[in-house]
Amino acid sequence: MTDEFKARISAAGRTNAPLRIRGAGSKDWYGHALNGEILDTRSHAGIVAYEPTELFVTAKCGTPLAEIETVLAQKGQCLPFDAPRFSPTSTIGGVVAAGLSGPRRVSAGSLRDFVLGVDILDGEARALRFGGQVMKNVAGYDVSRLIAGSLGTLGLITEVTLKVLPVPVAEVTLRFELNQGDALDKLNRWAGQPLPIVASAWHDGVLTLRLGGARAAVEAAQLKLGGEKVGADATAFWRDCRDQALPFFAAERLWRLSVPSVAPPLALPGEQWIEWGGALRWLRSDSPAETIRAAAHQAGGSATLYRAPAALKAQVGAFAPLSAPLLKLHRNLKAAFDPKGIFNPGRLYPEF
Amino acid sequence: MKPRIHSHERDQDFSDVDRSAVLDALGAILPPDALLADREDLKPYECDGLSAYRRLPLAVALPGDEAQVVAILKACHRLGVPVVARGAGTGLSGGALPIEHGVVLSLAKMKRILKLDPYSRTAVVQPGVRNLAITEAAAPHGLYYAPDPSSQIACTIGGNIAENSGGVHCLKYGLTVHNVLRVRGVTIDGDVVEFGNHALDAPGYDLLALMIGSEGLLAVVTEVTVKLVPKPEVARVIMASFDDVTKAGAAVADIIAAGIIPAGLEMMDKPATAAVEPFVKAGYDLNALAILLAESDGTPEEVEEEVAAMRAVLEKSGATDIRVSSDEAERLRFWAGRKAAFPAVGRISPDYYCMDGTIPRKRLAEMLTAIAGMEKKYGLRCANVFHAGDGNLHPLIMYDANVPGELERTEAFGAEILKLSVELGGTITGEHGVGYEKIGSMCVQFQNDELAAFHRVKTAFDPQGLLNPDKAVPTLHRCAEFGRMHVHHGETKFPELERF
């Protein structure tokens with residue numbers, strides 16, 4: 001199968017025709033408008049290795065995330081970064097290329113934290129393997145983590161190895177009525193204590209908190225924190241929060257602000273949804289991009305125009321602009337892996 | 001001077017560096033006490049923690065702030081002088097080994113904690129701050145910096161960034177890459193670059209991840225923001241004895257299969273405990289062929305639950321003796337032996353050589369059996385300590401550098417362990433880095449196309465190849481030489497290698 005990919009890449013290189021790498025296409029809307037001929041990865045699918053006691057899973061790029069999760073669940077394990085699922089057919093290659101993490105990211109770590117190794121085809125159709133299947137590995141540059149979140153601009157991921165972890169033994173969801181300022185303050189104070197908080201979501205005066213871990217620890221924390229216990233619909237709430245399927249996310253223009261968790265409430269017009277203990281702030285707002293980007297920057301973070309019409313993204317940029325030295329390094333790295341610029345050009349930044 | 005261009009094919013020759021021009025340029029930037037060039041002053045910098053390799057640099061520069069770092073790098077860039085950044089020099093792979101005709105850039109003077117904020121659980125520190133100093137400064141707030149390499153009392157955060165350092169708790173708490181939010185660094189052309197920020201995500205490629213573990217080849221670190229985490233309320237450690245290393249290895253897998261991620265999970269074989277016990281008196285079972293140390297931390301309730309669960313697994317896995325630390329003093333004593341393993345081996349042998357391969361846990365018994373065979377083959381003893389939870393093995397090969405041929409036999413022994421690590425599905429280095437030491441073994445782990453890709457990454461940051469040249473990533477010429485050498489010794493062959 002990868003031979004077919006290689007042939008496509010070589011042909012694209014000869015004709016300077018860009019390729020648009022695509023799995024299930026569930027994140028076609030993410031980043032900038034897509035150029036090039038589709039290179040569909042779904043035919044290269046299947047779990048290559050799963051070793052529960054070694055805590056890793058290796059899968060080909062086209063393997064559906066759902067298939068991997070089902071296999072892990074049979075052994076009581078999971079991918080703790082909680083990637084959003086925009087479609088039941090989302091592929092693992094697309095998930096890693098997008099690099100998005102869900103509500104548990106604040107406690108478990110991000111997708112890139114769990115990447116142990118990748119196989120890629122670079123822009124000259126060379127098959128390259130970086131990292132491996134072991135947790136500690138510092139041989140060579142950490143290219144696997146560079147590939148995570150690079151939106152397919154550096155290479156075609158053909159295979160990926162991810163670290164897996166046991167599913168928490170016990171989980172409880174609590175709700176508190178709190179305004180934004182008080183919720184942010186409590187979240188930051190709790191985060192400084194040894195409490196088993198795995199996820200949080202604040203919206204419209206209500207803070208929802210997820211605890212997870214050893215049964216005894218969860219029970220003790222529940223007593224300490226108080227709040228109102230959420231019953232049967234907690235699982236559905238967190239799933240819909242992860243998949244951005246709640247009504248809040250159905251906005252034509254949605255911003256994703258990554259800021260320090262201690263940043264005070266951002267004085268921006270529009271509704272907010274806050275996760276990651278305050279470090280992720282979703283914003284539905286029609287305010288000018290400069291205003292929103294400036295507020296995020298001033299708070300010590302950055303703002304992504306997450307969902308918006310392609311024309312608006314083209315006009316203001318989907319991702320926050322890079323400093324001149326960073327842009328230079330990005331261009332150089334792009335040239336190092338894809339010198340002819342055939343992979344997903346412009347998807348991340350118009351410059352490469 | 002002719003312009004240099006970094007190439008993946010051959011190591012560079014820096015013999016035409018103009019010594020007096022370099023000293024003049026650096027002398028214009030630094031006060032006299034921050035520039036060393038006399039032989040006796042250079043001597044302490046001739047090696048790092050891997051003292052088998054020594055070289056004198058042209059000069060040592062000790063900048064006091066970032067502006068001086070920028071000026072030094074710009075000057076070296078202009079003059080085509082190689083630069084080796086250095087923290088505390090505790091590294092075990094020769095990563096800070098000087099380059100002849102090159103400058104050592106010591107960050108030792110930049111050792112201030114600029115900000116420690118318990119509310120945001122972050123600390124902003126200069127690169128020369130010691131790993132343990134961060135934890136000590138955070139302790140009054142009930143916080144600490146999680147990665148704890150065994151050299152943490154001396155090693156610096158800048159060096160930890162360079163090596164992506166781990167420690168005995170990284171199975172649960174991660175490596176340096178999981179515990180750093182932001183690195184500020186200077187590229188060889190003097191650009192100051194922010195990698196990451198104080199939020200959890202930064203726009204663009206994850207250059208923060210790329211910087212961490214890059215062994216000083218991409219940029220010089222001038223400031224770091226680390227995450228601090230709450231100190232667990234309690235920790236207890238279980239010490240389990242086994243009469244068979246295979247059973248001990250299987251017990252590690254059984255613990256993980258039971259859904260437990262211990263805070264620490266370490267193994268020592270009989271030669272290691274025998275070396276340590278007279279030195280530390282940790283109370284290790286000297287009859288056991290292997291002991292496991294398994295730590296649980298968290299709330300008192302959580303720890304009680306987890307210790308009971310681990311004890312049950314260990315009993316079922318055939319442990320011949322199980323002890324649980326009853327108080328903090330005993331817990332620290334159990335760990336003291338593990339943490340003192342390297343110096344203890346240093347006491348019973350004139351020299352030792354520490355290896356750092358990682359293997360899938362399930363292959364442990366195979367590896368230890370093979371090492372026992374290599375001890376006979378090379379006529380050298382080896383003690384094994386092992387971060388069992390994450391598969392990172394530290395065989396300590398004992399030798400005497402004064403006996404002609406012993407160092408060479410030791411190197412061959414080490415290279416054979418690393419080659420086997422790769423064959424068993426692992427890697428040549430888990431946490432010590434490639435540095436100068438394992439550069440030949442990189443040719444075993446990676447294909448030429450991959451090595452060339454690493455060189456292109458290097459070129460993206462440092463086109464002339466001036467930052468820490470001849471470390472971490474071998475040139476293809478060197479791999480060809482490495483292959484020839486090993487064919488000559490009758491060890492291994494690398495028929496797939498191109499020859500230059």
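Chain B contains 17 helices and 18 strands, both taken as DSSP runs numbered from the N terminus, with helices (H or I) of at least four residues and strands (E) of at least two. The radius of gyration of chain B is 23 Å, close to the 23 Å that the globule rule gives for 500 residues, so chain B is as compact as a globular protein of that length. This radius is taken over C-alpha atoms, and the globule rule is 2.2 Å times the number of residues to the power 0.38. The structure is a predicted model, in which local features need pLDDT of at least 70, side-chain atom pairs count only at pLDDT 80 or more, and totals for chains, interfaces and linings use all residues. Residues are numbered from 1 along each chain as its sequence is written, chains are lettered from A and ligands numbered from 1 in the order in which they are written, and side-chain values use heavy atoms, with hydrogens and water left out.

The C-alpha trace of chain B spans about 70 × 60 × 45 Å along its principal axes. Of its 500 residues, 62% count as buried (under 20% relative accessible area; exposed is over 50% and partly exposed in between, with a 1.4 Å probe and protein chains only). Among the contacts in chain B with a separation of 6 or more, 70% are accounted for by residues 24 or more positions apart, a contact being heavy atoms within 4.5 Å. Chain B exposes about 17,700 Å², and carbon and sulfur atoms supply 53% of this area; accessible areas come from the Shrake-Rupley method with a 1.4 Å probe, and for residues only the protein chains shown count as cover. The 50 positive and 67 negative charges of chain B have mean positions 2 Å apart. Lys and Arg count as positive and Asp and Glu as negative, while His and the chain ends are not counted; each charge is placed at NZ of Lys, CZ of Arg, CG of Asp or CD of Glu.

Chain B is divided into domain 1 (19-106), domain 2 (113-230) and domain 3 (234-343), with bounds from an automatic or database domain assignment. The centres of domain 1 and domain 3 of chain B, taken over C-alpha atoms, are separated by 43 Å.

Two residues of chain B other than glycine have a positive phi. B:Asn164, with phi near 50 degrees, is placed in the loop between helix H5 (157-163) and helix H6 (170-173). B:Asn164 is buried at a relative accessible area of 4%. B:Glu215 has phi near 55 degrees and lies in the loop between helix H7 (207-211) and strand S10 (220-227). The relative accessible area of B:Glu215 is 5%, so this residue is also buried. Most residues other than glycine have a negative phi.

B:Thr273 belongs to helix H9 (residues 270-280) of chain B. With a relative accessible area of 2%, B:Thr273 is buried. Leaving aside residues up to four places away in sequence, B:Thr273 touches B:Met268, B:Pro278, B:Tyr284, B:Leu286 and B:Ile291.

Chain A has 11 helices and 17 strands. The C-alpha trace of chain A spans about 65 × 50 × 35 Å along its principal axes. Buried residues make up 62% of chain A, and residues 24 or more positions apart account for 67% of its contacts with a separation of 6 or more. The accessible surface of chain A comes to about 12,700 Å², of which 51% belongs to carbon and sulfur atoms. The mean positions of its 39 positive and 33 negative charges are 3 Å apart.

The domain assignment of chain A gives domain 1 (2-166 + 329-337), domain 2 (170-242) and domain 3 (247-316). The contact between domain 2 and domain 3 of chain A takes 11 residues from domain 2 and 17 residues from domain 3. Their centres, taken over C-alpha atoms, are separated by 23 Å.

A:Leu156 is found in strand S8 (residues 156-163) of chain A and is buried, with a relative accessible area of 0%. The C-alpha atoms of A:Leu156 and A:Leu121 are separated by 5.1 Å, although the two residues are 35 residues apart along the chain. Beyond four places in sequence, the residues that A:Leu156 touches include A:Phe5, A:Ile9, A:Leu121 and A:Phe343.
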